[in-house]
Amino acid sequence: MNLDHIGIAVRNLAESVRAYAALVGADPAAVHTTEVPQEKVRIAELRLGGVEIELMEPLAEDSPISGFLDKRGEGIHHLCYRVEDAEALFTSLRANGVRTLSDEVRRVRGYAYFFVHPKDACGVLTEFKQPLEPSNDG
Ligand code: CO
């Protein structure tokens, strides 16, 4: 299991990409930006070595990121680990009483993923994601 990305909640994605890219010496033009309507967020990914920094801006007032920003302000939102079998991990964690944010593994953008509640992860919202073969992307 490897760290895949660190999610950071921001209010203004364009401003944050410029500022953060300058901070870590990344080329803002190489930053990949995409919308994830299922999670009501727009994200920008800055690759640093083997880890990505995922800046996340809410797309709607009822986005989970809007709630986070209102309550906590900008900052680290979640850590994500890359796994080989998200379904198997989901099943075994739930069998051990670990609380997840969804009742099933979700699929989007070529990934299967789920989140573990911060109360069962040392206070840190924790995501697990498994890259899917393009043919399995649903
Ligand atoms: Co994430």
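Helices (H or I, at least four residues) and strands (E, at least two) are DSSP runs, numbered from the N terminus. The model in the viewer is predicted: local features need pLDDT of at least 70, side-chain atom pairs count only at pLDDT 80 or more, and totals for chains, interfaces and linings use all residues. Residues are numbered from 1 along each chain as its sequence is written, and side-chain values use heavy atoms, with hydrogens and water left out.

**Stop 1: the metal**

Select the cobalt ion. Its protein donors (N, O and S atoms within 2.8 Å of the metal, or 3.2 Å for Na, K and Ca; water is not among the atoms, so sites may look incomplete) are H5 through NE2, E54 through OE, H78 through NE2 and E127 through OE, at 2.0 to 2.8 Å. Along the sequence these residues follow the spacing H-x48-E-x23-H-x48-E. H5 belongs to strand β1 (residues 2-9) and E127 to strand β8 (residues 126-131), so this pair ties together parts that are 122 residues apart in sequence. Both H5 and E127 are buried (under 20% relative accessible area; exposed is over 50% and partly exposed in between, with a 1.4 Å probe and protein chains only).

Now check the angles among the 4 donor atoms: they run from 89 to 175°, and the site is irregular. Four donors count as tetrahedral if all angles lie between 85 and 135 degrees; four count as square planar and six as octahedral if opposite donors are over 155 degrees apart and all others between 65 and 115; anything else is irregular.

**Stop 2: the aromatic rings**

Rings of Phe, Tyr and Trp (its six-membered ring) pair if their centres lie within 6.5 Å; planes under 30 degrees apart count as stacked, over 60 as edge-to-face and the rest as tilted. That rule gives 4 aromatic pairs. Select F90 and F114: the ring centres are 5.0 Å apart and the planes stand at 80°, so the pair is edge-to-face. F90 sits in helix α3 (residues 86-95) and F114 in strand β7 (residues 111-116), so the contact ties together parts 24 residues apart in sequence. F90 and F114 are each buried.

Next, take Y113 and F115, with centres 6.1 Å apart and planes at 85°, so another edge-to-face pair. Y113 is buried at 6% relative accessible area, and F115 is buried at 13%. Finally, show Y81, F90, F114 and F128 together; ring pairs link them into a cluster.

**Stop 3: the surface**

Which strand holds L48? L48 is found in strand β3 (residues 41-48), and is partly exposed, with a relative accessible area of 31%.
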